[in-house]
Amino acid sequence: MESNCVQFLGDKTILITGAPGFLAKVLVEKILRLQPNVKKMYLLLRASDDKAAMQRLRSEVVEIDLFRMLRKDLGEENLNELVHEKIVPVPGDISVHNLGLKDPDLLQRMWSEIDIIINIAATTNFDERYDIGLGINTFGALNVLNFAKKCVKRQLLLHVSTAYVCGENKGLFLEKPFKMGESLSGDKKLDINVEFELMKQKLKELEHQDCTEEEISQSMKDLGMTRAKLHGWPNTYVFTKAMGEMLIGSSRENLPLVIIRPTMITSTLAEPFPGWIEGLRTIDSVIVAYGKGRLKCFLADSTSIFDLIPADMVVNAMIATATAHSGETGIQTIYHVGSSFQNPVTFGQLHDTAARYFTKKPLVARNGSPIIVSKGTILPTMAQFSLYMTLRYKLPLQILRLINIIYPWSEGDKYNDLSRKLRLAMRLVELYEPYLLFKGIFDDLNTERLRIRRKENIKEMDGSFDFDPKSINWDDYIANIHIPGLITYVLKQ
């Protein structure tokens, strides 16, 4: 017997932005595997034309290892036929009016066919250029909403945001929408149009000053971080995502809107197989650097909760919320999808599990020898971390600089190289500080109510759409699924 979610997906035409991103690919694979009777999926990809879009679909989505279960079950030829029949790659850009679609016939066809709009497209760089962050995360979200309003059969817009739009405050964060103009600094009014004009004016000034592209890029990054911190957000990413939520929330009219706020998305727990991941995601940079013996010191509080959630659970929650709210005129519902409230894991637990793993199964250096790791030094405040870095690295660097001045031939350019690496490391630590020392918990009352409602329906008990973090054994997941996944799919070892 089919679950409600599988039934819901049947005969639906869905627009998905953000392909070929990590989460969008997991979603597309899930739909094809569990409901091949989906009517059609339009995938919006950044590409110059139809041919380039098709090439990206093939090389960056269908042909990757994520689809190996489908390929095994259907065979290469049948999978290609299914993709050809069900998926339409569309070259476009959410930062542009009408999503950058240039073919008027295609536009009209999409507006007449699409039932569900799922917006996953985003730039996730913490210190993104302000013009790019506003274009994609803020006004891009509004462009998707305006596109959705023109879809005559529209049943729902599902927008993927991030739980960290909450900022850096402590305590319990509720699943509530932002008010237009809400600022986390408390004493300031946030005007999104003013932010847009400030960005445009700054860009114009830089261009008139004949700045290099590198200088323009850095200035726009600095502007984004400055404006974010002025209004109480730690970085450009979460600031522009919060403004995107404000715009679509205030402009939705009677369009049903669901906003999914996932926490730190990690490798798949179970589907289509355990451990699939693409690229280093938040905590993964720390895990890999530690495993390679390059990380002797951490900025973290051992008792701080790291809110992790596997990618397949996020996708399951997306499909379940779409099933629950499709066609509900005028609703706006927020869902936190994370683990900190139901099944928290601390940084200390993660560190201990990683230490045990790499002690038993060390990574291999280029010369073939095992990399021996030891427990790192964990420092709970930025002040302590800065002092450690000064004593451990900055003072020796100053001595090296003095030697370079006295004997300029002795160490070559070693001082400048080490100095550059140290500056980069400190910048990365400053960007990650709000999350390494985060003291918040994400309430998931809406998500839990949906889980309970689904469990009461016997047809949903097959586990195909599980998104309950209480089912995760964190030690087992990190040691036997996540780290092996990183080694296999990211480090390629």
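Colleague: Which element gives the most residues to the lining of the largest pocket?
Modeller: In this predicted model, the largest pocket holds about 1200 Å³ of space, and its lining is made up of 45 residues. The elements that each give two or more residues to that lining are α2 (22-34), β2 (40-45), α10, β8 (264-266) and α15 (414-436). The element that gives the most, with six residues, is α15.

Colleague: Which residues of that lining lie nearest the centre of the largest pocket, and how does the lining divide by class?
Modeller: By class, the lining of the largest pocket has 25 nonpolar, eleven polar and nine charged residues. Out of the 45 residues that line this pocket, the ones nearest its centre are Ala122, Thr123, Thr124, Asn125 and Arg281.

Colleague: What residues make the contact of α7 with α10, and how many of them are nonpolar?
Modeller: From α7 the contact takes Tyr130, Gly133, Leu134, Asn137, Thr138, Phe139, Ala141, Leu142, Leu145 and Lys149. From α10 it takes Thr236, Tyr237, Phe239, Thr240, Lys241, Met243, Gly244, Leu247, Ile248 and Ser251. Sorted by class, the contact of α7 with α10 has seven polar and two charged residues, while the number of nonpolar residues is eleven.

Colleague: Is α12 roughly parallel or roughly perpendicular to α16?
Modeller: The axes of helix α12 (residues 311-325) and helix α16 (residues 445-455) come within 11 Å and cross at roughly 75 degrees. Angles of 65 to 115 degrees count as roughly perpendicular. The angle given above therefore makes the arrangement of α12 and α16 roughly perpendicular.

Colleague: Which residues of α16 make the contact with α12?
Modeller: By class, the contact of α12 with α16 has three nonpolar, one polar and two charged residues. On the side of α12, the contact is made by Ala320, Thr321 and Ala324. On the side of α16, the contact is made by Leu450, Arg453 and Arg454.

Colleague: At what angle do α2 and α12 pack?
Modeller: Helix α2 passes α12 in a right-handed crossing, and the contact is made by Phe22, Leu23, Val26, Leu27 and Lys30 of α2 together with Ala311, Asp312, Val314, Val315, Asn316, Met318 and Ile319 of α12. By class, this contact of α2 with α12 has nine nonpolar, one polar and two charged residues. The axes of α2 and α12 are 9 Å apart, and the packing angle is about 65 degrees.

Colleague: Which element gives the most to the lining of the second largest cavity?
Modeller: About 60 Å³ of space lies in the second largest cavity, which is lined by Phe8, Leu9, Ile14, Leu27, Ile31, Ile116, Ile118, Met318, Ile319 and Ala322. The elements that give two or more residues to this lining are α1, α2, β4 (116-119) and α12. By class, the lining has ten nonpolar, no polar and no charged residues. The element that gives the most, with three residues, is α12.

Colleague: What is the volume of the largest cavity, and what lines it?
Modeller: A search of the whole structure finds six cavities of 30 Å³ or more. The largest cavity is lined by Ile283, Val286, Ile287, Tyr290, Phe298, Phe347, Leu350, His351 and Ala354, and the elements that give two or more residues to its lining are α11 and α13 (347-360). These lining residues divide into eight nonpolar, one polar and no charged. The volume of the largest cavity is about 80 Å³.

Colleague: Where does Pro20 lie, and what is omega for the peptide bond that joins Ala19 and Pro20?
Modeller: The place of Pro20 is in the loop between β1 (13-17) and α2. The bond that joins Ala19 and Pro20 is a cis peptide bond, and its omega is about 5 degrees.

Colleague: Where is Pro272 found, and is the peptide bond from Glu271 to Pro272 cis or trans?
Modeller: Pro272 lies in the loop between β8 and α11 (283-291). With omega near -5 degrees, the peptide bond from Glu271 to Pro272 is cis.

Technical notes
Residues are numbered from 1 along each chain as its sequence is written. This is a predicted model: local features need pLDDT of at least 70, side-chain atom pairs count only at pLDDT 80 or more; totals for chains, interfaces and linings use all residues. Side-chain values use heavy atoms; hydrogens and water are left out. Contact means heavy atoms within 4.5 Å. Helices (H or I, at least four residues) and strands (E, at least two) are DSSP runs, numbered from the N terminus. Ala, Val, Leu, Ile, Met, Phe, Trp, Tyr, Cys and Pro count as nonpolar, Asp, Glu, Lys and Arg as charged, and the others, Gly among them, as polar. On a 1 Å grid over the protein atoms alone, a cavity is a set of points where a 1.4 Å probe fits but cannot get out, and a pocket is an open set with protein on both sides within 12 Å along at least five of seven lines; lining residues have an atom within 4 Å of a point. Grid points are joined across faces, edges and corners, and a volume is the space filled by probe spheres set on the points. Axes are lines fitted to C-alpha atoms, for helices over the stretch in contact, and angles run from 0 to 180 degrees between N-to-C directions. Angles under 35 degrees count as roughly parallel, over 145 as roughly antiparallel, 65 to 115 as roughly perpendicular and the rest as oblique. A crossing is left-handed if the near helix is turned anticlockwise from the far one by less than a right angle, and right-handed if clockwise.
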